Amino acid sequence: MLWKKPIQNETFTVDSSDNIYTYNIEGVYQDYTFKIRKYNPVGNLLWEKSILYKGPNTTWLLGNIPRHLFIRNNRLYVAGVYRYDLNFENKVVFHFDYWGYSRARAFVASYTTDGDFIDAKEFGDGKTELIQNFEADNDGNMFITYGDVNSKSYKIHKIDANLQDLLVKTFTNSTGSMRVPTVLHFNKYNSKLYSYDVSIPNITIYNQQAIITEYNPNTLDIIRSLNFNNNSTLQIPSDEGNNNPLFLNRMYFTEENANDMFAFGQFRESLDLNGVKLVSYQAHPGYYSTDLVFFKIDINSLTPQFIFQSTTTDGYNSINAPKEIMMKDGRIFLTGNFNYKKMLLNGTVINNNSGNDDADAFLFRYDVNNTIGTLQSNSPVCIGKDIELTASGGTSYLWSGPNNFSSTLQNPKILNVTTANSGDYSCLITGSGSCAGKFTTNVVVGDYIKPVPDIVNLPKITGDCKTVITTIPTATDNCKGKISATTSNPLTYSLPGNYTITWKYDDGNGNIEIQTQQIEITQQPLPVAASSQSFCKIDNKRISDIAVTATNPKWYDASGNVISDLSTVLLDNTKYYVTQNSNGCESAKKEILITLTDPNAPSGNALQTFCSASYPTLKDLKVTGTGIKWYDSLGKYLPLSTSLKNNETYFASQTVASCESTNKLAIKVNIVTNYLSASDFSDAFCNDTTANSKTINLDDYKKQLIGNPQDYTFDFKNSLGISVSGSTPIYIGENIFDVRIKSSLGCYQDIKLKLRLDRKPESNLPAEREFCDDIIGVILDAGKSPDPIYPYAYSWNTGETSQTIKANQEKTYSVTITTPFGCQNTYSTIVKKAKLANIQNILITNNSITVIMSEAGNYLYSLDEINWQSSNKFENLKNDVYTLFVKNVYDCRLGSKTFTIFSLSNIFSPNDDGSNDTWKVTGIENYPNSQIKIVDKNGRMVVNTITQKGFEWDGKFNGHKLPSDSYWYQIKLSDGRILEGYVVIKNRN
């Protein structure tokens, strides 16, 4: 021993510099501290960290909170489970309420190797997910495995070095079974992840299967598995631990290269390990009674190689539980617990110092490259054979074993052995230069190994209806040698299908191997044929005409009767069955539905009559159908050019979809001579309108041309020789149509249809007229005929018969106009007396005027009684005196009025020379009661007068001439206009 520390250590790990990290529990009920410590290689404490835990002191829970320590990339990872409260230096605090028995959540915390806290995360729901184990890869990625509380699945959870989720993979268990991975191990040399799984087929604790599974750590996909029966009833951990403080049903791994991995586990009663059957040394194997087993796994083939198991000589039942193992420099250190009074590991006795009921821990070193000594045997050995023992590594040997065996030979033999020779054989090996050592090897006498089939996978046998299995598979038994298989399954097969033969290899010593072989009996392939085939009934097809590809076809009817006569005529809508036959094996029946197509006969009148003049042939017969063919009464085919004969009967078939009807239409022919009773027809009538044309329906005249027109066809041609029918226009005057009437027999007659369209008289008599004077009235003109040869006749409602009349009464005047052909038309005019308005005012603005009438109406205006306009405005008039004239549209004169567009002179010279002696306002006489004012420059009124007639000023005021000067004037005309300006008096001396 180099050094020791008095701590209750739970787990530890060592870094590459041989620094040691420990993890343990301290404290009292519901108030615990989990200590993480780092020691240097000589045992000096470098630092210490605490994780505070408040919660129950359940044994399994406290034992698993500080469960794992990992060193990766200069980081320390702490992993385990917890319930209630967990506090990491007040930086991260977790809380999880108690939910059920053995329920907890997982946590992972990370530190620097100098003890600085980095982070912590929690995982799992604490309800349905049962945490099983933790592992870390070379990069610090962490793997957590969960079991399902309902045993339906398990999952592996991968997180990265920063505790972030990377991947979760769920593996679903098959119905009625359970699989729980209890240990995870990352192989740092081949970078694969491994798990130790417990598989229970029927969710009981019996007949468990141990499985070592290899995963791709990047995808968590399963690569391969190693299965072996450990015949265990061990308790399966329900969580990260179980009710028993010893960790049952677990296996631990270590390695120093990529080729070999070492496993340390436990088993109960027996264990099959690649053909080596291990038997428990328990006196009375019980529920927890277990032995330890240590073996090597060839990574390349994933096959185990047994090394040793724990043994005892005291026959005491004990629980022996493995724990972690470590390997360095070819040395493997195994740890665990045991209850044996004394336990043998690979020949080394380990005494129990605690008594029969208490567990002791142990540390055992196994040298992979042991140079002191080794023992080997040819175990297992068959009864009656020889045990061959070999020893190496020394010069002197002292053997002892069952049945009072002893020997000093290096490699002794025991001949013709029985089961009494089974057990542990020990050898004390000594020799110069070597350390003494006592080694033990276990030898099993008896046949415990199942026969090994000579062919691992029996080939599938494929055959036909005459298959007989003649090759019986064999197996090699370690004691009986070559043995043949037996089976209760038939070895002769005739019916198609898939079969399984279960072969049984029984060596007679209770070792039975079962192997299955698949048999496939193939039936003859069905004949190749369309399932539905159609033929023409008229062709009388036979069995031999059915399209089928088959070897030696055999035909059956629907009742299963064989049809041997291939000339049997096919029946419509009937199923026939065919097989093909080869090597005495007949195929299943191929069903073929036969349909015979027989179109209906064409349709048509059974008696058809033709005119002899049309020289009718078969193509003139009226028949409805497709692909018509004609035959005479003897069935002879007739071409369409065949001339028809009177009283002869002809027969027609039709072809539909390439099938000719078997039934035929019979038509009797009647030929008559060429005669029709048609005649010409003429008619004359007036047009309905005053237009030059009228549309008629020629069909209305067919009955005028011949009786029973529905029995004939008509061809009308107009005067241009164009065929017309139905609604056709005719024009004023004579319209002649050439008509050919044809009977259904082909007889025809040419006649003429003459139609004369007479014009309807037209008049421009207005709808309304007004008169101004009762005496003069207004003249109404009914208009004259456009054709002087055919003048109109007139009849007025006044009794007058002339073309024109005088209307001087307020009433409606009507006239009926009649042509010489009797065509009439009536026209009416409403005559009213005109309302006579007067000129109310003339509005003058500068040189434009607007006329205002006393009543609204349609009027005409003029300034010269020659040129009339409908507008009441005149613009751009010259300065002058005008007379306005107004009349209505019926030429009634409504009056006249004179107005002035004034033009005033602005200078005059009152010097009595007879020229421009006065200032005259021309036209003011048209505006009586107008006011004229004239003021001098001093504002003195020199003229103030109201005009009645004209106005002319001589330049005097009160009889005296006014001096030459400018005078302002204002003229207020009686129509409201105001004229203002200056006038200059210029006196001449």
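**Briefing: cores, a hairpin and a pocket**

Leaving out residues up to four places away in sequence, Phe362 touches Phe264, Leu292, Leu334, Thr335, Gly336, Asn337, Phe338, Met343, Leu345 and Ile350 (contact here is heavy atoms within 4.5 Å). This is a predicted model, so local features need pLDDT of at least 70 and side-chain atom pairs count only at pLDDT 80 or more, while totals for chains, interfaces and linings use all residues. Numbering starts from 1 along each chain as its sequence is written, and side-chain values use heavy atoms, with hydrogens and water left out.

**Nonpolar cores**
- Phe362 is also one of the five residues that touch the most other members of the largest nonpolar core, along with Ile212, Phe228, Phe295 and Leu334.
- That core has 38 residues; a nonpolar core is a set of buried Ala, Val, Leu, Ile, Met, Phe, Trp, Tyr and Cys residues joined through side-chain atoms within 4.5 Å.
- Another core of 37 residues lies apart from the largest one, with Ile842, Val851, Ile934 and Leu962 among its members.

**Around Asn190**
- Look for Asn190 in the loop between β15 (178–187) and β16 (192–200) (strands are DSSP E runs of at least two residues, numbered from the N terminus).
- Asn190 counts as buried because its relative accessibility is 16%, and buried means under 20% relative accessible area (1.4 Å probe, protein chains only).
- Its side chain makes a polar contact of 2.8 Å with that of Tyr194; such a contact is a pair of N or O atoms within 3.5 Å, where within protein one must be able to donate a hydrogen and the other to accept it, and residues adjacent in sequence count only if both atoms are side-chain atoms.
- Setting aside neighbours within four places in sequence, Asn190 contacts Glu214, Ala258 and Ile299.

**Strand β40 and its partners**
- β40 (residues 474–477) has Ala475 and Asp477 on its covered face, with Thr474 and Thr476 on the uncovered one.
- β37 (residues 452–453) pairs antiparallel with β40 over two bridges (pairing takes at least two DSSP bridges), and Pro453 stands opposite Ala475.
- β41 (residues 481–484) also runs antiparallel to β40, joined by four bridges, and here Ala475 stands opposite Ile483.
- Three residues separate β40 and β41, which form a hairpin.

**Second largest pocket**
- The second largest pocket has a volume of about 970 Å³.
- Of its 38 lining residues, Phe306, Ile307, Phe308, Leu375 and Thr441 are the closest to the centre.
- β24 gives the largest share of the lining, seven residues.

Terms used:
Buried means under 20% relative accessible area, exposed over 50%, partly exposed in between (1.4 Å probe, protein chains only). On a 1 Å grid over the protein atoms alone, a cavity is a set of points where a 1.4 Å probe fits but cannot get out, and a pocket is an open set with protein on both sides within 12 Å along at least five of seven lines; lining residues have an atom within 4 Å of a point. Grid points are joined across faces, edges and corners, and a volume is the space filled by probe spheres set on the points.
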